[in-house]
Amino acid sequence: MTKTKIHTLSSLTHANSRVYGIATSNNEIQFCTYVNAELQIDLKVSEQVAFEINPQKTIKYSIYSYYDELRMMNFELVSNVTKHGVIIDFLDSISFFLRCSSEYIKDEEKDLYTRLKSIDSVLFVQKIEDGNYSQKQRTVLRRLFPYI
């Protein structure tokens, strides 16, 4: 049994991170393989996290992560799709969220976006912070994004 760990927000600020929503038909293992190959990283399950969908329902999901020492960048991937439904229901077309964190993210973000879009099985990629979300939706997003 995997122990559930409480994940805390890294010391990097929002300005040093980008969260991408990615739509694909791949499962977690397949998608990690494609992302690893395209970005030349090695995402692996780093922890299990509990997320409260509503007061009566909490789900656990895996966070895949990798720290690239050469680029000084942290990658964290989480699936939006679980066996209990989607985590962020108003973004139900998103299969995965990929958070990339680095002091140099501004220099890397265009290349990251282009490389993610180039993966054959990827239908679309969007920066999550670019969305026009209601206050309620932003509250839900803030509950999730400190964990990924």
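## Strand pairing

Two strands are taken to pair if DSSP finds at least two bridges between them; strands (E, at least two residues) and helices (H or I, at least four) are DSSP runs, numbered from the N terminus. In this predicted model, local features need pLDDT of at least 70, side-chain atom pairs count only at pLDDT 80 or more, and totals for chains, interfaces and linings use all residues. Residues are numbered from 1 along each chain as its sequence is written, and side-chain values use heavy atoms, with hydrogens and water left out.

Strand E2 (residues 44-54) pairs with E3 in the antiparallel sense over nine bridges. The two strands form a hairpin with two residues between them. Within this pairing, Lys44 stands opposite Ser65 in E3.

## Salt bridges

A salt bridge is a side-chain nitrogen of Lys or Arg within 4 Å of a carboxyl oxygen of Asp or Glu. By this rule the model contains seven salt bridges. One of them joins the side chains of Arg18 and Glu109, at 3.0 Å from N to O. Arg18 lies in strand E1 (residues 17-24) and Glu109 in helix H2 (residues 105-117), so the pair ties together parts that are 91 residues apart in sequence. Burial is assigned from relative accessible area: buried means under 20%, exposed over 50%, and partly exposed in between (1.4 Å probe, protein chains only). Arg18 is buried at 9%, and Glu109 counts as buried at 17%. Arg18, Glu109 and Lys127 are linked in a network of salt bridges.

The side chains of Glu76 and Arg99 also meet in a salt bridge (3.9 Å, N to O). This pair links distant parts of the chain, with Glu76 in strand E4 and Arg99 in strand E7 (residues 96-101), 23 residues apart. Both Glu76 and Arg99 are buried. A further salt bridge connects Asp42 with Lys44, the closest N and O atoms being 3.5 Å apart. Asp42 is partly exposed at 36% relative accessibility, and Lys44 is partly exposed at 49%.

Arg71 is found in the loop between strand E3 (57-68) and strand E4 (73-79). Arg71 counts as buried because its relative accessible area is 19%. A polar atom of the Arg71 side chain lies 2.5 Å from the backbone oxygen of Leu39. Leaving aside residues up to four places away in sequence, Arg71 has contacts (heavy atoms within 4.5 Å) with Leu39, Gln40, Ile41, Ser102, Tyr104, Glu108 and Arg115.

Most residues other than glycine have a negative phi. Gln40, one of the residues touched by Arg71, has a positive phi, near 55 degrees. Gln40 lies in the loop between helix H1 (28-39) and E2 and is exposed, at 64% relative accessibility. Met72 likewise has a positive phi, of about 50 degrees, although it is not a glycine. The place of Met72 is in the loop between E3 and E4.

## Nonpolar surface patch

Patches are made of residues with over 30% relative accessible area and no salt bridge; like charges are joined within 9 Å, and nonpolar side chains (Val, Leu, Ile, Met, Phe, Trp, Tyr) within 5 Å. Tyr67, Met72 and Tyr104 form a nonpolar patch on the surface, with about 310 Å² of accessible area together, as given by the Shrake-Rupley method with a 1.4 Å probe, where for residues only the protein chains shown count as cover. Tyr67 is found in strand E3 and is partly exposed, with a relative accessible area of 43%. Met72 is partly exposed at 41%.

Conventions
A polar contact is a pair of N or O atoms within 3.5 Å; within protein, one must be able to donate a hydrogen and the other to accept it, and residues adjacent in sequence count only if both atoms are side-chain atoms.
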